[in-house]
Amino acid sequence: TEAPKAEAPKTEAPKAEGAAISAKAVKELRDQSGAGMMDCKKALAECGGDVEEAVVWLRKKGMASADKKASRIAAEGAIGAYIHGGSRLGVIVEVNCETDFV
């Protein structure tokens, strides 16, 4: 009889695990980018813990989400006007929103 062949272990691209990413690295990335904690943690995991590469990754992700939001119509809103005493200064402000909760 033939001995069963041992399967070769599958090798995948190494990804940084959640535990391998330090809170200090997440805080540093948050300070640099202003992104949320979970976004920073995900970016560091995708980039193997490299903070500079994670900043670039977050920028690309932010541009993609900005493009997605740019196509939405902001049809609801409010207009406000203010005229300062003496009529030397006046301001008109328009605020638009995607929903009607303005």
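Asn96 has a relative accessible area of 42% and is partly exposed; I use buried for under 20%, exposed for over 50% and partly exposed for in between, with a 1.4 Å probe and protein chains only. I note that this is a predicted model, where local features need pLDDT of at least 70 and side-chain atom pairs count only at pLDDT 80 or more, while totals for chains, interfaces and linings use all residues. Residues are numbered from 1 along each chain as its sequence is written, and side-chain values use heavy atoms, with hydrogens and water left out.

**Entry 1, Asn96.** I placed Asn96 in strand β2 (residues 90–97). Helices (H or I, at least four residues) and strands (E, at least two) are DSSP runs, numbered from the N terminus. I then asked which residues Asn96 is in contact with, leaving aside its neighbours within four places in sequence. I found Ala74, Glu76 and Gly77; contact means heavy atoms within 4.5 Å. I also looked up Ala78, which is 18 residues from Asn96 in sequence, with 6.7 Å between their C-alpha atoms.

**Entry 2, the chain.** I listed three helices and two strands in the protein chain. Read from the N terminus, their order is α-α-α-β-β. Of the 102 residues in the protein chain, 13% are buried. I took the contacts between residues at least 6 apart in sequence and found that 23% of them join residues at least 24 apart.

How many salt bridges does the rule give? I count two, a salt bridge being a side-chain nitrogen of Lys or Arg within 4 Å of a carboxyl oxygen of Asp or Glu.

One pairs Asp31 with Lys27, and the closest N and O atoms are 3.3 Å apart. I found both residues in helix α1 (residues 23–33), where they are four residues apart, about one turn of the helix. Asp31 is exposed at 57% relative accessibility, and Lys27 is exposed at 53%.

Another salt bridge joins the side chains of Asp39 and Lys61, at 3.0 Å from N to O. This pair links distant parts of the chain, 22 residues apart, with Asp39 in helix α2 (residues 37–46) and Lys61 in helix α3 (residues 51–70). I have Asp39 as partly exposed, with a relative accessible area of 31%, and Lys61 as partly exposed at 35%.

From α1, the contact uses Ala25, Val26, Leu29, Arg30 and Ser33; from α2, Met37, Cys40, Lys41, Ala43 and Leu44. I sorted the contact of α1 with α2 by class and got seven nonpolar, one polar and two charged residues. Here Ala, Val, Leu, Ile, Met, Phe, Trp, Tyr, Cys and Pro count as nonpolar, Asp, Glu, Lys and Arg as charged, and the others, Gly among them, as polar.

I found Ser87 in the loop between β1 (76–83) and β2. The phi of Ser87 is near 55°, a positive value in a residue other than glycine. Is Ser87 buried or exposed? At 63% relative accessibility, Ser87 is exposed.
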